[in-house]
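Me: I would like to learn how to read aromatic rings in a protein model. Can we work through one together?
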Amino acid sequence: MFLRQDEYGRYFSALVYLPRDRYTTGVRLRLMDLLMQELGGTAIEYTAWNTESVLARLHFTVRVPTGNELPMLSDADVERLEAKLAEAARSWVDNFNEELALDYSEEEAAVASRRYGGAFPDGYRADFGPAQAVADMRRLESLTGPTDFRLNLYHVDGAPADENRFKIYWVGGSVSLSEVLPVLQRLGVEVLDEHPYELRRSDGTVAWVYDFGLRMSGDTAESISDDVRERFHDAFAATWTGKAENDGFNSLILHAGLTWRQAVVLRSYAKYLRQAGSTFSQDYVEDALTNNVHATRLLVNLFEARLSPAHRQGSDELTEGIVEELDGALDQVVSLDEDRILRSFLSLIKATLRTNFFQRDPQTGEPHSYVSMKFDPQAIPDLPAPRPAYEIWVYSPQVEGVHLRFGKVARGGLRWSDRREDFRTEVLGLVKAQMVKNTVIVPVGSKGGFVAKQLPDPNVDRGAWLAEGIASYRTFICGLLDITDNLLPGGRSSRQGRRPPRR
């Protein structure tokens, strides 16, 4: 830049040279705005020469208020202004390559630049800077396959405290909003906006960055801590991939500070209450838990204190303390219905004898995709008569099932039921009839039943329908055996998570 000041204080004249391939309308406008701001101009005129030369030449005349003596600019001031113009003339890709050089070796940066230099669309470049692009590129590169994805919940500086952003990173086909929005809404957030960015990499593959604006109301309008971010990511991923059902229990993850698996415990109990004859709908139960988050957290704490292997030592004292605090919290519940619902959960937790919730798959080390619980029916006051001696409840997004046993020695079978709303009533009726019919053979009976919740239409694909039913049956049996004693030599017993035969 060559800058000259008018002797009479009327204007500045600036002659600017820049590489011809850098000259665009956007660059010229940025240069004009910068000169107006730095020189205090009231108007600006320009003339451009863009010939076969390697340099483009721009001549700017910056008008300043008349009657004022122009300040004398030192050489340092001119150099500083020239440096700002040079920075303004840099392209987004230039800055992107510079950010790559800071994070990668020279060879790795060159490869990433060729792969992603032209991948980011104009809309993304307008909304995000090169540093953010490098971070997003890193997450996209970490994806391992067509079904893999990455998530990022973050807060933008200067945005309201209750407004955050949420990104989904995906490779391949686009993601339907009808799949994502219900999951976010059930997590208790309001979706304000959505911006999809399609990235076409140099090898022709397509990657997507979906950016959602979220509003977290009430007690969830908090700063995004690492714990909140992790719980939100895990809950969204579990729901989106089908590991957890998409319902109002997911809102407890933010409102009550639970993990998605802790929400599964409450969901499982609620499903059992419905089968046991509770008149409250699931939505009403969800609202009761959400409106009393302190009591809800205590219920989960009580479940873990009673049944987690980590609390075997000193669990009685811990349990008594939680029950005492929970009794005080329940006394503060205003609604009679909500009090009845919460006390039903408390009764079920106290009546739970065993669970596989804390077991891990011996092969993958991951928790089971299903939850099974063994109850003492005599300790459940709302259970309809007759009450079995023992009862096992199995829940998962794929299948729900129950097994009723009226004595230590019993005879019975299992049933694939199609009565999803009241299959426990069906099983109870069957076992009562069985006890009358087989009373000469075995004094008491037992019966189990399950419903498959994700069956395809048998009229479309009978084979897929049967395969899903068999898979649901296997899950149900696995849930039963996970908390059933195995007799070992010497009269010892062990619960090792046995698996049923394939046939």
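Me: Let me start with one residue. Is Phe-450 buried or exposed?

Reply: This is a predicted model, where local features need pLDDT of at least 70, side-chain atom pairs count only at pLDDT 80 or more, and totals for chains, interfaces and linings use all residues. Residues are numbered from 1 along each chain as its sequence is written, and side-chain values use heavy atoms, leaving out hydrogens and water. Buried means under 20% relative accessible area, exposed over 50%, and partly exposed in between (1.4 Å probe, protein chains only). Phe-450 has a relative accessible area of 3%, so Phe-450 is buried.

Me: How is a pair of aromatic rings described?

Reply: By the distance of the centres and the angle of the planes. Rings of Phe, Tyr and Trp (its six-membered ring) pair if their centres lie within 6.5 Å. Planes under 30 degrees apart count as stacked, over 60 as edge-to-face, and the rest as tilted. The whole structure holds 30 aromatic pairs. In one of them, the ring centres of Tyr-272 and Trp-393 are 5.5 Å apart and the planes meet at 65 degrees, so this pair is edge-to-face. Both Tyr-272 and Trp-393 are buried.

Me: What are the distance and angle for Phe-450 and Tyr-473?

Reply: Their centres are 6.1 Å apart, with 45 degrees between the planes, and the pair is tilted. Tyr-473 is partly exposed, at 37% relative accessible area.

Me: Which ring has the charged end of Arg-261 over it?

Reply: A charge sits over a ring if NZ of Lys or CZ of Arg is within 6 Å of the ring centre and within 35 degrees of the ring normal. For Arg-261 the ring is that of Phe-357, with the charged end 4.0 Å from the centre.
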